[in-house]
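Subject: Structure handover and notes

Hello,

Please find the structure below. My notes follow it, grouped by topic.

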Amino acid sequence: DPPAFAQSKKDLKSALRGYHMLNRFGATLSNRYLITCSCSQPVEPDAFKALVIDACLKAKKWGKIIIQGSQAPDHPITSKGTEYLKCLFLRVDEI
């Protein structure tokens with residue numbers, strides 16, 4: 001698991017900024033694939049996907065999600081908010 005950028009909802013705004021900056025930098029350096037993860041429980045999966053795609057666009061790259069993962073079965077997703085681990089594999093191409 002990667003370290004959590006947000007331990008609670010009060011950390012959410014700065015965590016989203018950090019994830020955006022990190023993924024923009026990753027997309028800038030990538031010439032084919034980007035693998036990115038978040039284990040910050042307050043970061044919703046759809047919000048994480050949206051910020052990663054936006055970070056790719058800001059890096060002047062197309063980011064296409066090809067695989068989406070989550071935590072292992074021994075950490076079940078039982079309700080909204082229990083999907084703490086988000087993992088995206090993206091194909092990254094120049095715009």
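Asp11 has a relative accessibility of 18% and therefore counts as buried, where buried means under 20% relative accessible area, exposed over 50%, and partly exposed in between (1.4 Å probe, protein chains only). Its side chain meets that of Lys10 in a salt bridge, at 3.3 Å from N to O; a salt bridge here is a side-chain nitrogen of Lys or Arg within 4 Å of a carboxyl oxygen of Asp or Glu. Lys10 is exposed, with a relative accessible area of 71%.

Before going further, note that this is a predicted model: local features need pLDDT of at least 70, side-chain atom pairs count only at pLDDT 80 or more, and totals for chains, interfaces and linings use all residues. Residues are numbered from 1 along each chain as its sequence is written, and side-chain values use heavy atoms, with hydrogens and water left out.

Other salt bridges

The structure holds 6 salt bridges. Another of them joins Lys80 and Glu44, whose closest N and O atoms are 3.6 Å apart. Lys80 sits in the loop between β2 (61-69) and β3 (86-94), and Glu44 in the loop between β1 (33-38) and α2 (45-58), so this pair ties together parts that are 36 residues apart in sequence. Helices (H or I, at least four residues) and strands (E, at least two) are DSSP runs, numbered from the N terminus. Lys80 is exposed at 74% relative accessibility, while Glu44 is partly exposed at 31%.

A salt bridge is also found between the side chains of Lys49 and Asp46, at 3.4 Å from N to O. Both residues lie in helix α2, 3 residues apart, about one turn of the helix. An α-helix has 3.6 residues a turn, so residues three or four places apart point the same way. Lys49 is partly exposed, with a relative accessible area of 22%, and Asp46 is exposed at 56%.

Strands and core

β1 pairs with β3 in the antiparallel sense over 6 bridges; strands pair if DSSP finds at least two bridges between them. Thr36 has Leu88 as its bridge partner in β3.

The largest nonpolar core has 14 residues, of which Tyr19, Leu34, Phe48, Val52 and Leu90 touch the most other members. Such a core is a set of buried Ala, Val, Leu, Ile, Met, Phe, Trp, Tyr and Cys residues joined through side-chain atoms within 4.5 Å. At least two residues of this core come from each of α1 (12-29), α2 and β3, and α2 gives the largest share, 4 residues. Apart from neighbours within four places in sequence, Val52 is in contact (heavy atoms within 4.5 Å) with Asn23, Thr36, Leu88 and Leu90.

Helix α1

α1 has 18 residues and reaches 26 Å from its first C-alpha to its last. That is close to the 26 Å expected at 1.5 Å a residue, the expected span being 1.5 Å times one less than the number of residues. Its buried residues are Ala15, Gly18, Tyr19, His20, Asn23, Gly26 and Ala27. What covers them includes β1, α2, β2 and β3.

Cysteines

The structure holds 0 disulfides, a disulfide being a pair of cysteine sulfur atoms within 2.5 Å. For Cys56, the closest cysteine sulfur is that of Cys87, 14 Å away and too far for a bond. Cys87 is in no disulfide either; the nearest cysteine sulfur to it, that of Cys37, is 3.0 Å away. Cys56 is buried at 0% relative accessible area, and Cys87 is buried at 12%.

Loop residues

Lys60 is found in the loop between α2 and β2 and is exposed at 60% relative accessibility. Its phi is near 60°, a positive value in a residue other than glycine. Most residues other than glycine have a negative phi.

Ile77 lies in the loop between β2 and β3 and is partly exposed at 47% relative accessibility. Apart from neighbours within four places in sequence, Ile77 is in contact with Ser70, Gln71, Thr82 and Glu83. Ile77 and Leu90 are 13 residues apart in sequence and 23 Å apart in space, C-alpha to C-alpha.

Regards
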